[in-house]
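This briefing covers helix packing and nonpolar cores. The sequence and structure come before the details.

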Amino acid sequence: MRVLRNIAMILAAAFAFTSVAVADNKDPIIIYDSQFHPTLAKNGMVVSQEYYASEAGLEILRAGGNAVDAAVATGFALAVTHPQAGNLGGGGFMMVYLKAEDRVIALDYREMAPARAHRDMFLDEKGNVDNNRARFSLKASGVPGTVMGLTSALSKYGTLPLKDVMAPAIRLAGEGFPMTWSLYDSLGRYQKRLQSDPVSAANYFKADGSRYEPGELFKQPDLAATLTAIAENGAAGFYEGPVADKLVAAMTAEGGLIDHEDLKNYKAVEREPIFGTYRGYKVATMPPPSSGGVHIVEMLNVLEGWDMKSFGHNSAAYIHRLTETMKYAYADRSKYLGDPDFFPVPVKALTSKDYAATIRAKINPDKATPSTEIGPAPDLDRESHDTTHFSVADNQGNMVANTYTLNFTYGNGKSVKGAGFLLNNEMDDFSAKPGVPNAFGLLGGEANAIEPGKRPLSSMTPTLLFKNGEPYMATGSPGGSTIITVVLQSVLNVMEFDMNVAAAITVPRIHHQWYPDKLFLEPGHSVDTRRLLGQMGHQVKMGETEAWDSVLGSAQSVMRGENGLLMGAADPRRPGSHAAGY
Ligand code: DON
């Protein structure tokens, strides 16, 4: 049923916005609020990719927890109910707004390269990148950051004890939950990857290799034990003791690099958030090692110089400017972005309004510039297949935007024996060899080369929006390289077109990442628009390509109305998402 509903919503979006795309420049105003409706609540809202996880967060809000308590509960619950991307064995980023202190926190709990990692570790004898090693071996795993991230967010900014906040996740793992249609479907698609690892096979499938049917009780006792160890001992329950021993044993057995020292040395880092402005709104977003925040602000600065609203939402003129702007941002990404602890990322220069003006001046309003003619800025001053996003707001004005991941769907597919969790393959987010694209088609070089203790460059972009100085929206998305452009369009739809949160995340999106030189349009764009863009010189694609699916992202978002009313919107693109409020 849920899938039918989702398909119906996507078709509704497709139908509704055909007319937007052909609206002429003089009369582009569409009343979006009549087409898409958010979930409304007064006291608290959790929106995530999975029903039980949103409900877990809601349970904690109802128990008196704040947005951080609920976010941590949701994060641990997703590790149980959405193992495609919810995780203990991966990493991510959390943006927090604390109303009482009027403060934004950017928490980096991205995976780290183990101490024994080295620059050429994914090259074969001939010097070519061995994708299998970089993506599906235990060497593909970075030191997991999620448990440190969630527990430190809770201890610094939460209000409830860890064991209370983790209780829903422990219950879901230990007592089980009825197999959801979306997990059932996903396990079918990734059966081969998971069953090539005996531990994953035993965790996610029945003894005879078949799947749990939708509605059948699905229990994960080993995961329940690991979660209990964390609830009782904090992060030490994961990074030290029996769970750590099991993780290291799994590494040792199959040539992985993570050892006890790596685990003990792992740190979650609070970093200076990236701030930007756009027509009176303030954007607070994730700094490096995310590339997302820098490029969202870079692109907004370029776009602010045009009257984007006047072109009409998703018109050819609008999409052309978005696309050209995206190409310049992704070109800069390839050269300047990496872990700021290892590489001097020129954040100030890339996010300055002056630099944006130089990009804008290069963009021809009528014609696409081929990617071959666009490169990263030459001399900037240097300063010293599932991810999942959830957004939370409480009735005190606090907000959380959290994106975390194993990189690919189910990471490298390998689970830690006796501990019930999957491992990431985040090492593929490094640039294994300059000029050779990673799994998302992204290029990189020196800034993102592998080094011990370094964090691979990410596109994850949890983002907070402020209107008139007040917290207004929390958003973010999965989608690898497409995350940044999805988040850009979600906030632009709000800031330029006053869309409500449901409309802002539902209407059709586009994507361009410089290389490959392709403009991707989601279903729902008009064939007229597509033709006009082609005439301007864009290489337009619709549907599946190697690097992305036929839809872009899944942006679970919350908006806080000026009257304090909370509006949650679950993205209809992927099945199972859920906005839970009270
Ligand atoms: O951090 C990153 O940019 C990637 N590891 C994200 C991967 C991703 O979003 C996969 N799925 N949708």
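A crossing is left-handed if the near helix is turned anticlockwise from the far one by less than a right angle, and right-handed if clockwise. This is a predicted model: local features need pLDDT of at least 70, side-chain atom pairs count only at pLDDT 80 or more, and totals for chains, interfaces and linings use all residues. Residues are numbered from 1 along each chain as its sequence is written, and side-chain values use heavy atoms, with hydrogens and water left out.

**Helices α16 and α21**
- The crossing of α16 and α21 is right-handed.
- α16 (residues 316–336) and α21 (residues 527–535) pack at about 50°, with axes 9 Å apart; helices are DSSP runs of H or I, at least four residues, numbered from the N terminus.
- A316, I319 and H320 of α16 make the contact (heavy atoms within 4.5 Å) with T529, L532 and L533 of α21.

**Helices α3 and α10**
- The axes of α3 (residues 67–81) and α10 (residues 221–233) come within 11 Å and cross at roughly 165°.
- α3 and α10 are therefore roughly antiparallel (angles over 145 degrees).
- Their crossing is right-handed.
- F76, A79 and V80 in α3 meet L223, L227 and I230 in α10.

**Nonpolar cores**
- A nonpolar core is a set of buried (under 20% relative accessible area, 1.4 Å probe, protein chains only) Ala, Val, Leu, Ile, Met, Phe, Trp, Tyr and Cys residues joined through side-chain atoms within 4.5 Å.
- The largest has 93 residues, and L322, L464, L465 and L488 have the most contacts inside it.
- A second, separate core of 76 residues includes A73, I105, A235 and L406.

Key:
Axes are lines fitted to C-alpha atoms, for helices over the stretch in contact, and angles run from 0 to 180 degrees between N-to-C directions. Helices (H or I, at least four residues) and strands (E, at least two) are DSSP runs, numbered from the N terminus. Buried means under 20% relative accessible area, exposed over 50%, partly exposed in between (1.4 Å probe, protein chains only). Angles under 35 degrees count as roughly parallel, over 145 as roughly antiparallel, 65 to 115 as roughly perpendicular and the rest as oblique.
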